[in-house]
Amino acid sequence: MLLRRALASAVLAECVLLSAIAWAGDVRWVEVRSPRFSVITDAGEKRGREVALRFEQMRAVFGKLLVKAKVSQTVPLQIVAFRNTKEMRQFAPLWHGKPTEVAGLFQGGSDRSYIMLDLSVFDPYAVVFHEYAHQLLNANLGFGTPLWFDEGFAEYFSSIEIDGKNANVGKPVEHAAFLRDTKRMKVADLFQVQHDSGTYNESGDHRSLFYAESWLVVHYLFDTNAAPKLGQYLELRDQGRPLEEAFSQAFGLTPAAFDKALSGYIDRNRYVYYKMPLPEVPDSSAYTMAPLSDPQAKAVTADIHLHSPDYRERALREFEEVLHLDPDNVTALSGVGYSYLQRQDYAKASEFFRRAAQHDAKDARIHYYAGLLVQREGPAAGNDPEKMQEMKRELETAVALDPDFADAYNLLAIARMTLDDRAGAIAAGTRALQLDPRNSSYALNLAQMLTLAQKWDEAIALLKTLSRSSDPTVAERAQSQVQQVENLKQYAAQGAELKASGGVMMVRQGATVDLNQSAGGEDGPPGAPQLPPAGPVRYLKGKLTAVECSGPGAVLTVAAAGQNWKLLVRDREHLVLIGADKLSCDWTNQKVAVNLRDTGPHEGQIISLEVQ
């Protein structure tokens with residue numbers, strides 16, 4: 001009787017497993033590859049070729065709009081086109097536990113980004129092309145472009161229509177009607193909106209107005225051929241000129257006169273809408289096509305879930321289902337490894353990455369994950385030369401296989417710096433930033449490497465560029481580090497002994513000071529700068545359970561990822577804090593999101609804290 005029940009349970013479990021992936025086998029999944037894109041779809045080969053062609057065309061239009069000969073794309077991008085809304089809903093973000101209604105979705109990541117489309121709706125492209133425009137802007141423009149331009153250009157770009165051999169550019173969208181019936185912001189106020197502004201973050205009329213008016217200004221600049229004047233305006237602002245003075249000098253109008261010009265532009269309702277001849281792209285008939293098996297298709301959709309905070313737990317189960325049917329599936333093996341890496345189960349992560357590499361040693365992501373695994377193991381790995389050499393080898397293999405893999409270069413720079421290869425670290429860090437010029441983590445890492453190599457002027461120049469970021473948290477941190485590096489430069493000029501080791505700068509001026517531990521006082525020279533720990537920024541989301549205040553600092557206990565983290569705040573008064581005016585020593589049971597740098601196993605130094 002017991003044996004019969006056990007057999008029945010096993011059969012039932014097998015049926016549940018097979019039904020879970022049956023949706024992938026109802027139709028034929030195919031992968032269409034164009035020169036720059038991969039499209040996976042269950043809507044048929046013809047639709048797959050259409051989607052790939054549309055992305056090739058929009059990428060070329062972007063290059064023509066910004067007069068850029070080479071359009072960079074530094075994060076591998078996978079496009080998945082679903083045949084109907086029911087399938088798309090399995091990947092939509094959750095709101096109160098239910099999928100939101102979306103026709104298109106962009107999901108970013110450092111190792112891979114996904115674009116998902118519902119091909120059963122009339123126009124699934126507008127939403128994803130807005131986010132795709134941001135990805136292209138991030139990969140092709142440096143720091144300094146204001147938030148209104150980024151969002152306005154993304155809206156402008158997303159409204160472009162492809163018509164035969166032409167792109168219809170400048171189509172009036174719903175923003176035009178909205179602006180006719182709404183009191184606008186003054187352009188001087190629009191130009192000062194930043195990432196932490198309520199206007200940008202709070203849903204409602206203010207946020208809608210920000211997007212609409214940003215689109216309007218970008219449309220007007222392109223319409224009147226005044227877009228090049230934006231560069232002059234930004235240069236003047238970088239020089240410290242007041243907004244009104246820089247605006248008048250660059251655009252030849254005061255902000256108030258520009259407001260009147262925009263009002264007339266809206267009232268006339270004659271937005272320039274023109275046809276741009278499409279830049280030449282390879283014809284879709286030349287694209288390659290290959291069928292996908294059910295496990296291959298399921299592995300891709302599981303990987304999408306792995307990259308979504310709402311579905312990560314589900315992803316691991318889906319990968320395991322794939323491996324039940326296909327034990328050698330490389331996507332599933334590396335996906336399971338990455339899942340365990342996120343859970344900080346390094347032994348299991350290593351096992352699955354090793355198995356994946358045995359089946360496909362030429363997959364750049366597998367070598368990237370292997371290098372990331374060493375880096376995530378914390379300071380113990382950093383103190384083991386053999387481990388760091390292993391990390392270096394894996395990441396050098398990753399960038400050799402994929403020369404545009406920005407995050408692999410960034411991690412390679414960290415590995416080389418830990419091994420005291422300063423020139424190699426700076427070369428890799430520079431390449432990472434060239435590939436992804438708006439990535440503030442890459443820029444801060446490179447600035448620190450330049451500082452440790454005593455390349456003061458280069459570090460200061462980079463930090464000053466970073467201080468122009470429209471993200472105030474990034475800008476404030478960069479401005480603070482400019483002063484720190486200038487102080488170090490001054491100490492060096494005065495003959496102080498400087499020594500760099502393990503990501504720490506030591507200053508001897510009567511005493512040796514570890515700048516990660518002390519800033520001035522009895523232990524060192526007055527005003528000695530304080531550098532953050534080396535390494536990339538880690539993001540944690542969890543619950544703040546305790547705050548222990550001591551002097552100007554504090555130690556926060558945060559429960560996250562199944563562990564209790566001890567996180568140091570050196571100066572409560574100058575902590576970058578979002579969602580509250582001041583850090584309270586009495587906080588408990590508070591949901592938080594933290595950016596930090598590791599200083600030990602489940603220990604770190606806080607960069608910024610968001611109270612949720």
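Asp-404 and Arg-431 are joined by a salt bridge, with their closest N and O atoms 3.5 Å apart; the term stands for a side-chain nitrogen of Lys or Arg within 4 Å of a carboxyl oxygen of Asp or Glu. Because Asp-404 sits in the loop between H20 and H21 while Arg-431 belongs to helix H22 (residues 422-435), the pair ties together parts that are 27 residues apart in sequence. Helices (H or I, at least four residues) and strands (E, at least two) are DSSP runs, numbered from the N terminus. The model is predicted, so that local features need pLDDT of at least 70 and side-chain atom pairs count only at pLDDT 80 or more, whereas totals for chains, interfaces and linings use all residues. Residues are numbered from 1 along each chain as its sequence is written, and side-chain values use heavy atoms, with hydrogens and water left out.

**Salt bridges**

The structure holds 23 salt bridges, and three of the pairs are set out here.

| Pair | Closest N to O |
|---|---|
| Lys-275 and Asp-163 | 3.2 Å |
| Asp-404 and Arg-431 | 3.5 Å |

Accessibility is classed as buried (under 20% relative accessible area), exposed (over 50%) or partly exposed (in between), using a 1.4 Å probe and protein chains only. On that scale Arg-416 counts as buried at 16% relative accessibility, whereas Glu-396 is partly exposed at 26%. Asp-404, at 34%, and Arg-431, at 27%, likewise count as partly exposed.

Lys-275 is partly exposed at 47% relative accessibility, and Asp-163 is partly exposed at 41%. Elsewhere, Asp-42, Arg-83 and Glu-87 are linked in a network of salt bridges.

**The disulfide**

A search of the whole structure finds one disulfide, a term that denotes a pair of cysteine sulfur atoms within 2.5 Å. The sulfur atoms of Cys-549 and Cys-585 are 1.8 Å apart, and the link is left-handed, with -105 degrees about the S-S bond. Distant parts of the chain are linked by this pair, since Cys-549 is in strand E15 (residues 538-550) and Cys-585 in the loop between strand E18 (576-578) and strand E19 (590-600), 36 residues apart. Cys-549 is partly exposed at 31% relative accessibility, and Cys-585 is partly exposed at 33%.

Helix H17 (residues 346-359) has 14 residues and, at 1.5 Å a residue, should span 20 Å, which agrees with the 20 Å between its end C-alpha atoms; the expected span is 1.5 Å times one less than the number of residues. Its buried residues are Tyr-346, Ala-349, Phe-352, Phe-353 and Ala-356. Seen down the helix axis, these buried residues of H17 fall within an arc of 130 degrees and so line one face, the arc being that of the directions from the helix axis to the C-beta atoms. The buried residues pack against helix H15 (312-325), helix H16 (330-342) and helix H18 (364-376), where contact means heavy atoms within 4.5 Å. The face of H17 turned away from the buried side carries the exposed residues Ala-347 and Gln-358.

Helix H6 is mostly covered, with twelve of its twelve residues buried, among them Trp-148, Asp-150 and Glu-155.
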